[in-house]
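Here are my notes on this model, point by point. Please read them with the coordinates open.

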Protein chains: 2
Amino acid sequence: MANKSITSRNIDFAKWYTDVVKAAHLCEYSSVKGCMIIEPNGYAIWEEMQKNLDNMFKESGHKNIYMPLLIPENLMQKEGELINGFAPEVAWVTIGGNKELDEKMCIRPTSETLFSDYYALKVKSYKDLPLKYNQWCNVMRWEKETRPFLRSREFLWQEGHTVHSTSTEAEKETNDMLLTYKRFFEEYLAIPVVTGRKTEKEKFAGAEYTLTVEALMYNGVALQSATSHYFGQKFSKAYNIKFLNKDNKEEYAYQTSWGTTTRMIGALIMVHSDDDGLVLPPKIAPLKVAIIPIGTDDKVKEKTKQIKEELIKNNISCYIDDTERTPGFKFAEAEVQGIPVRIEIGARDLENGCLTIARRDTKERITVSLDENIVEYTKNLLDNIQDNLYKKALENQKSKTYEAHTLDEVKEIMDKHPGFVKASWCGSEECELKMKEIKGTKSRCILDEELIDDKCIVCGKKANHLVLWGIQY
Amino acid sequence: MANKSITSRNIDFAKWYTDVVKAAHLCEYSSVKGCMIIEPNGYAIWEEMQKNLDNMFKESGHKNIYMPLLIPENLMQKEGELINGFAPEVAWVTIGGNKELDEKMCIRPTSETLFSDYYALKVKSYKDLPLKYNQWCNVMRWEKETRPFLRSREFLWQEGHTVHSTSTEAEKETNDMLLTYKRFFEEYLAIPVVTGRKTEKEKFAGAEYTLTVEALMYNGVALQSATSHYFGQKFSKAYNIKFLNKDNKEEYAYQTSWGTTTRMIGALIMVHSDDDGLVLPPKIAPLKVAIIPIGTDDKVKEKTKQIKEELIKNNISCYIDDTERTPGFKFAEAEVQGIPVRIEIGARDLENGCLTIARRDTKERITVSLDENIVEYTKNLLDNIQDNLYKKALENQKSKTYEAHTLDEVKEIMDKHPGFVKASWCGSEECELKMKEIKGTKSRCILDEELIDDKCIVCGKKANHLVLWGIQY
C-alpha cells in the first residue's frame with residue numbers, strides 16, 4: 001500500500017519527486033524566492049555525503065580551505081570566458097554598511113577567481129607545487145526556474161582547486177578526481193554512472209576541457225552529477241600564477257577544478273525511491289535501522305533497548321520509535337524516510353522466540369529467530385540492500401541505454417521511453433543544436449568507445465566521436 | 001631561540017598576534033576587503049572545533065539544518081530591535097540575474113528571522129515541540145576595522161535556534177547551551193571562562209537576556225567567546241509562531257539562540273601561543289605529533305614509519321617530515337604550527353636505544369628509551385600538555401582578575417596591567433558609559449556572586465549587581 005501523500009512515480013514523475021521531498025521532510029520552500037531550506041532529514045544525508053567524500057579527498061592529499069563569499073567585479077572579470085558564462089546569473093552586492101560600494105561584488109557562483117588570486121600570491125617555485133585544496137561552501141546562481149535539490153539559486157557544494165607544475169600532473173588530477181566521483185557514486189550512492197568528456201559547447205566556461213559523471217534517473221532523464229575541469233594555463237595567465245620551474249625558468253602553472261553538489265540528494269531520490277517515499281542506500285543513510293516495539297510490554301521495551309545498544313556498539317546507527325502512534329503509522333514513517341532496515345518486536349514474537357525484520361528496498365518482511373546474531377544479520381542485510389539497489393539501478397540504466405542511427409530513432413526513443421542514446425557525431429555545434437530540437441536532447445559526454453556509425457547522425461558527414469545523448473535535469 | 005618572523009609577545013601583542021597568524025599559515029588577507037582566506041592550517045583547527053562541538057550538540061538532541069543565505073528586507077524588518085541592531089552593518093544584494101530586484105535582500109548577519117519564519121510554518125501543537133536545530137554557515141557583518149579571526153566582514157559560525165512550549169524549558173535550554181560552551185572551552189580549548197548575564201546595554205538585539213562566555217587573553221584583554229540568548233516570545237510574536245498548548249489554547253512559542261564562531265581560533269592563539277608561534281591544546285590540534293628523522297639512515301626511516309603506524313593505529317594523528325630541509329628548520333616549522341609533540345629519531349639515538357620527545361608547551365626535550373611503550377608515553381604526554389595549558393591559562397586569568405572599589409583603581413589596573421575587574425554597579429546605562437571612558441572598559445557580564453560593595457563604583461548609589469568589567473576585542 002503506497003503512501004497516500006505521494007503521487008505515483010509512474011503517473012507523474014515530477015509531482016512524485018516533490019511529494020517524496022516533502023513527505024520525507026528533506027527540504028522546504030522558504031520566503032526567499034528560489035532558495036530552499038534543507039531540513040534535518042535532508043541535511044543529515046548531506047553530512048553523510050560530506051563525510052565520505054571528504055575522507056576520499058583527504059586520503060588523496062587534498063586539504064580544506066575557506067575563501068571569501070564575495071568576489072569584487074574587477075577580479076571576476078580577469079578571465080573573460082568565466083565572466084561571460086556567469087554574468088547573467090550572479091547576484092550583486094551593491095550596498096554595505098549603509099553605503100553604496102565603490103565597486104560592486106558578486107556572491108560567488110564558483111571560486112576559480114579567488115583561488116587563482118590566492119595561488120598567484122602563494123606559488124613561487126615548482127617546490128611549492130602541487131597545491132591541492134578543496135572548499136565546502138554555499139554558492140549562488142540566479143536561476144529562473146528552480147526545483148528542490150536539482151536547481152536552486154543557492155546550493156551547497158564542494159569545489160576542489162589544484163595547481164600543478166606540469167600539464168601531465170594536472171591532467172592526471174582531473175582524471176583522478178573524475179574517478180573519485182565515479183567511485184563515490186557507485187560505492188556509496190549505489191548509482192551507476194557513465195563518464196566522459198563534455199563537448200566544447202557543454203564544457204565549463206574557461207576550461208580547456210571538462211570531464212563529467214552522468215547518471216540516469218528512473219524515468220530515463222539524465223543528471224549531470226559531478227564535473228572535473230582541466231584549465232591548462234588559462235587561469236594562470238589571466239591571474240598571473242607563475243613559478244620557477246626545475247630549469248629555473250618562469251612558467252605559468254597548470255590548474256584543475258572539480259565539484260559536486262546537494263543535487264546528489266536529488267539523484268538519490270530519482271534513482272532509488274518509490275511510491276512509499278525515500279529509499280536510501282545503507283552506506284549513505286544517516287539512520288540505518290528503525291526499531292519499532294509493538295505494544296507496551298516491558299519485555300518488548302527491554303528487547304528493543306538491548307538491540308539498540310548492540311547495534312550502536314557495532315556502529316550501526318538506529319533509533320527506537322517509542323512514540324504513542326500506531327505500529328502501522330510508525331512503519332510508514334520509517335518507510336517514507338528511507339530507513340533501510342526496520343526491526344519489529346512484539347510480545348507474541350518474543351514468546352515465539354523471534355522478531356520481524358523488514359527491508360525497505362524490496363519491502364520483504366522476514367521472521368528471524370532470536371537465536372540468530374541480530375547484529376550480524378543486520379550487517380549482512382544492509383550490505384545486501386546496498387548491492388541490490390546498485391544492481392536495480394544498473395539494470396534500469398542498461399535497459400534505457402540505446403543506440404541510434406537516425407534522428408527518427410532518437411525522436412521515437414525520447415518520445416516513448418527516454419534514456420541514454422549513443423550516436424555518432426561529426427563534432428559541430430550546429431549538429432548539437434539540431435539534436436536539441438528533439439525534446440531538448442543534449443550531448444551528455446563524448447565516450448571513449450568505438451563509433452557505431454561512420455557518419456554523423458545529424459548531418460551525415462564524417463563522424464569523429466561517439467556521443468552519449470540525453471534529456472537532462 | 002624565538003622564531004625570527006615573529007615579534008615578541010611582550011613587545012607588541014597586536015603585531016605578535018598577526019605574526020603568529022601569518023607564520024603558522026592560519027589565514028591570509030584576500031583581495032576582498034575585510035574578508036579573510038582561512039588557510040588549510042587554520043581551517044583544520046576549525047574542522048576539529050566543528051567536529052567536537054557538533055558531537056556535543058547532537059548528544060543533547062540537536063539536529064543540523066540549512067537556511068538560505070539571503071533575507072528579504074521585509075522579513076528582516078518584522079522584529080524591530082533586531083533590524084535596528086543590524087541595519088548599519090549588513091550587505092545588501094540589489095541586483096540578481098542582470099535585473100534590479102523588486103525587494104533588496106541582505107546577506108544573513110544572523111538567522112533568527114529565517115528560523116522564525118520556518119518555525120511559524122512548522123509549529124502547530126505542543127506535540128511538535130521542542131524543535132532544536134543548529135546551522136553551520138557563513139554570515140556577514142560590514143565591519144569597518146577588521147582583524148584576522150577576531151573581526152571580519154565574513155566569518156564562519158554555528159547558530160543554534162530552538163523553539164519550546166514553555167518558558168521554563170526554553171530558559172533551561174539557554175543555560176544548558178551556555179554550559180555546553182563552557183565545557184567545550186575548558187575541556188577542549190583549555191581556556192578557562194567566566195559565565196554570566198549581559199547587561200541590557202550589551203545584550204543581543206531582540207533578546208530578553210543574553211548569557212555569555214568570557215575568556216581572558218594572555219595580555220589581559222577580554223574576548224566574548226560564545227553567547228546564548230533567551231528570546232521569550234519576542235520573535236514568536238513578531239513572526240507569528242503559535243501552537244496549541246495542552247489546554248488546547250493558542251500560545252506563542254518560546255525561543256532561544258546560541259552561537260560561537262571562528263574567533264575561537266583567535267582565542268587559542270591569544271591564550272596559549274608564544275614567541276615561537278602557535279601552541280595548540282592536543283584535544284583540538286589537527287596533527288598531534290610531528291615525527292622528524294635526523295639524517296637519512298635506513299634504520300631511522302624504518303623506525304619513523306613504524307612509530308607513525310603505531311600512533312595512527314591508536315588514533316593519534318601525526319606526520320613524518322621527510323623533506324630535504326635541516327632538522328633545525330623542521331623543528332621550528334613544527335613549533336610554529338603548534339604541533340603538541342615532536343619525536344626526533346637519529347641513527348645515534350637508535351644505537352643508544354632511545355629517541356627524543358619534545359613537548360611544544362614547555363619546550364622540554366626528553367630522552368625516552370625504546371623499551372618504553374611509545375604510544376602510551378605519547379598519550380600520557382598529550383594529556384599532560386592539555387592539563388598544563390589549562391592550568392597556565394587559569395593562572396593567568398586568576399592573576400589578572402581584580403576587585404576594584406573606585407574608578408581610580410579601575411584606571412590604574414587598565415593602564416598598568418589590564419584584566420578582568422570585579423566591581424559593584426547600580427544597573428544604569430549611564431554608569432556603564434562612564435566606565436567606558438576608561439580605555440573602553442565595558443561590562444563583560446553580571447556575575448552570580450555577592451556584591452563586594454553596597455554602592456555603585458561609578459555613581460555611589462545603591463549597587464544591585466556585581467559586574468565583571470574588561471577591555472575587549
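1. B:Trp46 sits in helix α2 of chain B, which spans residues 40-59. Bear in mind that this is a predicted model. Is B:Trp46 buried or exposed? It counts as buried, because it has 22 C-beta neighbours inside 10 Å, and the cut-off for buried is 20 or more.

2. What does B:Trp46 touch, apart from neighbours within four places in sequence? Its contacts are B:Ile38, B:Leu156, B:Thr262 and B:Ile265. B:Trp46 and B:Phe149 are 103 residues apart in sequence, yet their C-alpha atoms are 11 Å apart in space.

3. Turn next to strand β11 of chain A, residues 222-232. Of its 11 residues, 10 are buried, so β11(A) is largely enclosed by the rest of the structure.

4. β11(A) has antiparallel pairings to check. Eight bridges join it to β10(A), residues 209-216. In that pairing A:Glu214 stands opposite A:Gln224. Five residues lie between the two strands of this hairpin, and A:Gly220 takes a positive phi near 85° there. β11(A) also pairs with β14(A), residues 254-261, over five bridges in the antiparallel sense. Here A:His229 has A:Ser257 as its bridge partner.

5. β5(B) covers residues 91-96 and β6(B) covers residues 99-107; four bridges hold them in antiparallel pairing. B:Val93 has B:Met105 in β6(B) as its bridge partner.

6. Finally, chain A as a whole. It contains 14 helices and 23 strands. Its radius of gyration is 25 Å, close to the 23 Å that the globule rule gives for 473 residues, so chain A is as compact as a globular protein of that length. Along the principal axes, its C-alpha atoms fill a box of roughly 80 × 55 × 50 Å. Of the 473 residues, 51% count as buried. Among chain A contacts with a separation of 6 or more, 69% come from residues 24 or more positions apart.

Methods. Residues are numbered from 1 along each chain as its sequence is written. Chains are lettered from A and ligands numbered from 1 in the order in which they are written. This is a predicted model: local features need pLDDT of at least 70, side-chain atom pairs count only at pLDDT 80 or more; totals for chains, interfaces and linings use all residues. A residue is buried if 20 or more other C-beta atoms lie within 10 Å of its own, exposed if 12 or fewer, and partly exposed in between; C-beta atoms are placed from the backbone. Two residues are in contact if their C-beta atoms, placed from the backbone, lie within 7 Å. Two strands pair if DSSP finds at least two bridges between them. The radius of gyration is taken over C-alpha atoms; the globule rule is 2.2 Å times the number of residues to the power 0.38.
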